[in-house]
Amino acid sequence: MDAPAVFTEADVYQQRFDPQAYLKEFYNLSDSQGEQNTFLVQNLRSLLKMFSLDGLRGDTLIDVGCGPTIYQLLSACERFQEIIALDYTDQNRRELEKWLKNEAGAFDWRPVVKFVCELEGDREKWAEKEEKLRRKVKQVLKCDVTKANPTDPVSLPPADCIVSTLCLEAACKDLATFRSALRNIGALVKPGGHLVMLTVLQETYYGFNKQVFSCLYLEKEAVEEAVEGAGFDIKLSEVQSYLPGDPRTDCKGMLSLVARKRASITG
């Protein structure tokens, strides 16, 4: 499998991205041979660690580029009262809403929810966590991170925190677009608020279901510079290596990053 010749931008996702196939490929806790999904487990551990940091709490959390997934909100929902989920692709938002409304045919996240509850100390609280998350997600909106106001024409009040997982590297064709997108989503956060990111490093593609999607090749330093350039001070930045040999991706590592938005300077 090789990277696409032309970067797969937003219209390709809208036309071709299959959320159910994506979830089946990447978000089961173990594969058909019973092997643990290391990629997912590492990310769940990282998210718990990041959302357990001092100050990572408040009223409103915005999830930028949520896709059809909820794993990134399972620890976060214990720290925030209201969640707004944003994604560009219509079918991703529909798939997410199927789970939120507990509709037939929705992806079964229960093994993942139970795993996170176990990490947090009580596996038996999984049903309570599911109910809490469904209650706290108040809106699911379309967004485009390349716009100055990603939720245009809706204007959201600044949030206490934004989380973005595996989004910007797939949405941005070059480093200039990536930097600009970080400034755009950074504007959704209050001064003193936080940015929580999971970003794939040194990846040019990922694939599933006979389809391949582009990824912006990023190094840790480039991500950190872009975050600082968007008005944030980095509080945590850690890389975990990704085992080579996965035919679905050429990803080399995963960056977990937490940053705090600097206070506005008034002249």
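Buried means under 20% relative accessible area, exposed means over 50%, and partly exposed is in between, with a 1.4 Å probe and protein chains only. By that scale Asp-108 is partly exposed, with a relative accessible area of 36%.

Before I go on, the ground rules. This is a predicted model, in which local features need pLDDT of at least 70 and side-chain atom pairs count only at pLDDT 80 or more, while totals for chains, interfaces and linings use all residues. Residues are numbered from 1 along each chain as its sequence is written, and side-chain values use heavy atoms, with hydrogens and water left out.

Back to Asp-108. What does Asp-108 form with Arg-110? A salt bridge, with the closest N and O atoms 2.9 Å apart; the term needs a side-chain nitrogen of Lys or Arg within 4 Å of a carboxyl oxygen of Asp or Glu. Arg-110 is partly exposed too, at a relative accessible area of 40%. By this rule there are 16 salt bridges.

Arg-110 also takes us to the helix pair. Helices here are DSSP runs of H or I with at least four residues, strands are runs of E with at least two, and both are numbered from the N terminus. Helix H5, residues 110-120, packs with helix H6, residues 126-136, at an angle of about 110 degrees, and their axes are 9 Å apart. Axes are lines fitted to C-alpha atoms, for helices over the stretch in contact, and angles run from 0 to 180 degrees between N-to-C directions. H5 and H6 are therefore roughly perpendicular to each other, a label for angles of 65 to 115 degrees; under 35 is roughly parallel, over 145 roughly antiparallel, and the rest oblique.

Who meets whom? From H5 come Arg-110, Val-113, Lys-114, Val-116, Cys-117 and Glu-120, and from H6 Trp-126, Lys-129 and Glu-130; contact means heavy atoms within 4.5 Å. The residues of this contact divide into four nonpolar, no polar and five charged. Nonpolar covers Ala, Val, Leu, Ile, Met, Phe, Trp, Tyr, Cys and Pro, charged covers Asp, Glu, Lys and Arg, and polar covers the others, Gly among them.

Staying with H6, its buried residues are Lys-129, Glu-130, Lys-132, Leu-133, Arg-134 and Lys-136. They pack against strand S2 (80-87), helix H4 (90-100), H5 and strand S3 (137-142).

Some of these side chains pair up. Lys-132, buried at 16% relative accessibility, meets Glu-78 in a salt bridge of 2.6 Å, N to O. Glu-78 lies in the loop between strand S1 (58-64) and S2, and Lys-132 in H6, so the pair ties together parts that are 54 residues apart in sequence.

Now H4. Eight of its eleven residues are buried, so H4 is largely enclosed by the rest of the structure. The buried set includes Arg-93, Glu-95 and Trp-99. Their cover includes helix H1 (10-16), helix H2 (19-26), S2, H6 and S3. Just after H4, Asn-102 takes a positive phi of about 60 degrees.

Last, cysteines. Cys-143 is buried, at 3% relative accessibility.
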